[in-house]
Structures are given as structure tokens and as C-alpha cells.
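Subject: Handover of a structure, with notes

Dear colleague,

I am passing on the structure below, together with notes on what was found in it. Please read them with the structure open beside you.

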Amino acid sequence: MPELRKDPIIGRWVIISTERAKRPNQFAGQYKEGPAEADCPFCEGKESQTPPEIYALRPKHTPANKPGWELRVVPSIAPFLRIEGNLDRRGMGLYDVTNGIGAHEIVIETNQHIANMADLPEEQIEKIITCYIDRITDLEKDSRFKYVLAFKNYGWIAGGSRIKHAKSQLIATPVNPKRVKEELEGAKFYYESHERCIFCDLIRQEIEEDRRVILDIDGFIAVAPFASRFPFETWILPKKHACDFTTLDMPSRFELGNMLKKVLLKLKKGLNDPPYNYVLHTAPFRRKKSGYWKTIDYDYHWHIEIIPRLTHVAGFEWGTGFYICSLSPEDAAKFLKGIEV
Amino acid sequence: MSELRRDPIGGRWVIVDTDHPNIPQDYEYQHHTLHGRENCPFCYGNESMTPLEIDSIRESGGSTNTPGWQVRVVPNKFPALQIEGELARRGRGIYDMQNGIGAHEVLLETPYHEKDIPDLTNQEVESFLSMYARRTRELEKDKRFKYIMVFKNYGFAAGASIGHPHSQIIALPMVPKNVKEEIRGAHSYFEYRERCLFCDIIRQELQDKQRIITENEYFISFCPYVSRFAFELWIMPKNHSACFCRIAAAELPALAAILKETVSRMKKLFVNVSYNFIIHTSPINGDMDLEDYHWHIEFMPKLTRIAGFEWGSGFYIVSTPPEDAAKFLREQ
């Protein structure tokens, strides 16, 4: 019997249709060829091929935009949003419009020509996490921005570029994105009636049931969510409650790097190097607005959502917000748990 | 400067790239191919390869599950939901679930494997549209169902698993999230203004003109001001009506004509493009609100890859402004 499950946070129903289940190896990914390593603009020595760097991890004596770096952040050459200008909110009859103000940055995660974050050392992933924190903290100073979205598109099908060099993106937006708002509202609603964080409750229940846990190491847990939208969807959550990703302490950054590497390696090994996306879900900038953010410190809980891109998503799923997942999260967790990394 | 536009219905913000808009030639998309023609279970003469038919249109006679049909409805061989059983709503800790009760039917629009909507006559398009309405009215009688979703995935890139043109009908025991939001948005607009939001959209679009692709006596076809996808388009009845399945007899030929014209224009611009469309209609059996909701068809060609940004944020980036998209489609 297929099961209908409700996402406890935002209330979305999902069909878990095991009758339609496919074996994991039926989901193999495909790739188109990108430029050769010699033509990669993100490798060390090619600094002049990107816009000037905004941030870099490099020894003090090396000049900006020259070799010697371990990690760089540059503006996108094709930004969706621009940094200069005013928002100029206005209406046009029924419709509301504002200028596309924002920031769009590319994090070049390594000076080596390595495509998948899964193949970077834990220490390097820890540096990428620190870079996200530094950049988000810096962008928060610009009062026009409400949110910074940190995400990664790996592989062509996942919306990534054909250049096989590990990178992620940061987009600062002048409005709170819809999905984030829904999550915040859902968490707040739960807190109002239970006076507990829904994510903390989720972690407790997942550890107790132990059917959807993929990894549980140190301060972090990786689970296949109860109402997964996609086969092998994976969330990484800190066990210790915190609404804001940027407050993560140094030891935890290493632990998160370690967890992220292990999960990504499991996906790579178990699913034949699939394209994937991950998105950081963290609290919006909490600027003073009376009473507005009263409980967010207690009710919201940052986390990372990873989605391997194995199936074609039909348009109706976008149109209706209604997903049919052909693999139960229990089976997905069992499979990924069994992959040795 | 690109624009951020806010959807007046659900309140979603979308980035519209008015700076460097893409032209149709910029899109690199996966072409739909007709492979899978041999042993296609949806082709004429292969009726025994599907589960037993639920309904069909057979103007020239012929008994069920044999050739002679123009439109045929069969249960999905791999249904996402099952018709028999109880809902058995239950909870476990913080989680809620229920049995996957529902109906999942496949509607074969034509016996011909290679004929998509532009290749059919207006009369043939009207036939399968009338079958959409007939099946919906029939499924509505089951009180367990709260929503009937009619949609089409055409082409593998759009999620179809069989190349033969077909639509699907899913009856659900609850209202899907986006529909609920749409209804909530329409309801609060109505409460404030005592007018239907969608009727107001039609009025404004007819006045602005720049996003309209085509119109006839009963329908308009336009690219919505807040598109989520490049070349997204909506077909909307001009007369206020909440339920698709109550469509008036006089409106049906007009709907067939505008759907055929719109899809033809799209497929001329993007040869062999895969696409989806969904009929957005009012919920049934209790949750209906006839005054403030307005049924319509949302159509999306599959031109872009959807990236992590959209997943995580619900924030879409549209690389061709709807004004440009409508112009390209008008010029076909």
C-alpha cells in the first residue's frame, strides 16, 4: 500500500509509492563533457580569468588574484542579482515589483581540479564552511539584504556548469524566499503549541526509531527525511539546537566537514556519482523589528538538505507542490548506511 | 537591472532577467523522440497490454478493450495511489500519515503514437478534453476524494515514461499544497475586494496586452506576469468558473481551439520540446469555494534545468521575461 506522509514542518504531503520503487542502480546518472582541465578558469594560475576576488584564504605575503590560495570567492560573471542600486519597491496594478538588487558570489572550493566536494579532504570542507560563515556575516552588514542562500549544483543535470571544478554559490536576496518563510512559520507554529523545537523533536524521534538515520557522528546526524520528496534525499542536522549557521564553533565546523564528506561519498559510491544539489537552511538576518523574531532562537534549527538528482521531476510536481517518491526513506537510509566510506 | 516580481496569488517572489533576456535559440533542451513505438501498450491494437479500460469514446462502435476507440481511459499499471481501502489517518510522534488511497488513471488522447495536440483536429482535442471532464465528474462521486488533478507529461524530460501522448488523472484524499496556497491567496483577495483575483488578472492582462499570446470568445492564453519558468503560459476561461469539470458545452470547442493553437505555437518555436500542463481547479467534496477561485491550465515547456537555488528557496529565476516570451509565441 502506498503511503501518504506529511512533512511535519511545512505541511506538504508526499506519496511514498513503494510499488513503483526502482532499485538504486536503475537511477544511474549521465554526463556531458565539459572543458578540459587545461581550460578550467577556476584552477590555480588562472586567477585573471575570473572577476577580482572578494575573499580568499591565502598566506599573508601572497597578493590578491595571484596563485598561492587555498579557496577563493569571486562575483558571478552572470549574476542574477546586482549589488548596485535601490530596491525601489512599486506596484503595477495588481502586480508588485522591485529591482533585482542582491549579491551573487561563487565559492571556488579548491585550487585543485577536483569536481566533487566528496573528494576533498575534511579539512578543506571545514575551510569552505568557515568561508560560508565569513561571507554570510559580511553580507549581513548590507541592510538591503534579508537572506543569504548558500547552495551547490553539482553536475549538469543538477543545474551545475560543465566545468568540473568544485564550487558553490552564495546569493543574497532582498526578500525572504518563500520556502524559507514556510519553514520558519511551520517551526514557529509548532513551538507555540509545544514550546519545543520541531527539529530537536525530529532528531530525538529519528534516533529512537533508528529507521531513517544514515549517519550519527559527533554533534551531527544525517537522516532520510520521513516525507522525502526524492529518492535518497538526505538532511544533515546539528544535534545541538541553533537557529543560525554562522554561530557554529570551530570544533563543530570540522565535525560538519567530516559529516558532509561522508554523506557525499556514500552518495557517490552507492549511486554512481550522481548529480546533486545541497542547500543550507538557516535563519534570516534578524534585524530589530518589534516582536517579530521573538522565538526564532528557540523554534528554528539550521540544517543542510541534499538532493541527488536521479529522476526527472515532472512539471506537475512543480505545479502542485505534490511529490511522488518512488523509494521509501527507510530503504534509502538502509542502502546508504550499508555503503562503506 | 533585473526585476523581482511578486506573485499576487501565492506571494512568491521571482527574479525576471530583464537585463540579458534569453531568446528562444539560447535554450539547450532535450528533444522528445518517438522511440518505444514497438510494443507500445497505448497504440491501436495493443489494448490487451493495458489494464481493463474504465471509459472510452468509440463513435464507430467496437467493444471495450478492442480497437475502434478515439479516446481511452485505463487504470495506471503502476499506480501511485490505490482505490481500495480505508484512509486510516494516523500519527507517530511528530509524523502524520495515511494510506495512499486514491485513483490513478491514464487517458490515451489518441490511438496514434506520433500525434500530439498540434497534429490532432480541433474535434479530436475536444474529445479528450470532454473525457477529462467526464472522468472528473465520475471520480467526484467518491466522497473520500478531495481533489482531482488532471495533467500531462509529454516527453521523457518532462517525466513521461511512455512516448505515446497521454494524460493522467489522479484523485487525491487531500488538497495539494500549492493549490491550497492558491486558494488561500484568492480567498484573502476576495475578502478584501469582493472580486475574484483571477478575473482581475484577466482584466489587467487584456488591458496591458503585452503578455497575451492569443484569445477567443471564451478563453485567453497568456504568459503570467510572475512566471516561474521561461515560456510558462496559462490558459484561463474569461467567464468566472471555479470547476473545470462544470465547463459549459459551448466553451469546450473554444478550449480545444485555444489549447491546440497555443501548443502549436510553442512547438513551432521549440521543435520537439517536452512539456507539462496541469489543470488547476477547485477542490471537491467540502473544500469548494465557488466565488473566489477560477480554474485554469498552467503549461510549462521543459527548457531549463532546475537548480538547487530553486529547490531550497522556492525562489525562481526566469531567463526570458514573460513579455518577450509572449511576443515570440505571438510571432509564430
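Helices (H or I, at least four residues) and strands (E, at least two) are taken here as DSSP runs, numbered from the N terminus. The model is a predicted one, in which local features need pLDDT of at least 70 and side-chain atom pairs count only at pLDDT 80 or more, while totals for chains, interfaces and linings use all residues. Residues are numbered from 1 along each chain as its sequence is written, and chains are lettered from A and ligands numbered from 1 in the order in which they are written.

Chain B as a whole

Chain B holds six helices and 15 strands. Its radius of gyration (taken over C-alpha atoms) is 20 Å, close to the 20 Å that the globule rule (2.2 Å times the number of residues to the power 0.38) gives for 332 residues, so chain B is as compact as a globular protein of that length. Along the principal axes, the C-alpha atoms of chain B fill a box of roughly 60 × 50 × 40 Å. A residue is called buried if 20 or more other C-beta atoms, placed from the backbone, lie within 10 Å of its own, exposed if 12 or fewer do, and partly exposed in between; by this rule, buried residues make up 50% of the 332 residues in chain B.

In chain A, ten strands form an open sheet in the order 3-4-7-9-8-13-14-12-11-10, with antiparallel pairing; two strands count as paired if DSSP finds at least two bridges between them. The edge strands are strand 3 and strand 10 (213-217), each of which pairs on one side only. Within this sheet, strand 9 is joined to strand 7 by six bridges and to strand 8 by five. I171(A) in strand 9 stands opposite H104(A) and also opposite L149(A), while S168(A) is the bridge partner of V107(A). Strand 9 is mostly covered, with six of its seven residues buried.

Helix 1 of chain A (residues 122-140) should span 27 Å for its 19 residues, which agrees with the 27 Å between its end C-alpha atoms. The buried residues of this helix include I125(A), I136(A) and L139(A), and they pack against elements of chain A including strand 8 (147-154), strand 9 (167-173) and helix 4 (250-270). Taking contact to mean C-beta atoms, placed from the backbone, within 7 Å, V148(A) is in contact with I136(A), L139(A), L170(A) and A172(A), leaving aside neighbours within four places in sequence.

A residue in a loop

H113(A) lies in the loop between strand 7 and helix 1 of chain A, and is partly exposed, with 16 other C-beta atoms within 10 Å. H113(A) and F42(A) are 71 residues apart in sequence, yet their C-alpha atoms are 7.9 Å apart in space. Not counting residues up to four places away in sequence, H113(A) touches E37(A), C40(A), C43(A) and H165(A).

With best wishes

Terms used
Expected span 1.5 Å × (residues − 1). Contact = placed C-beta atoms within 7 Å.
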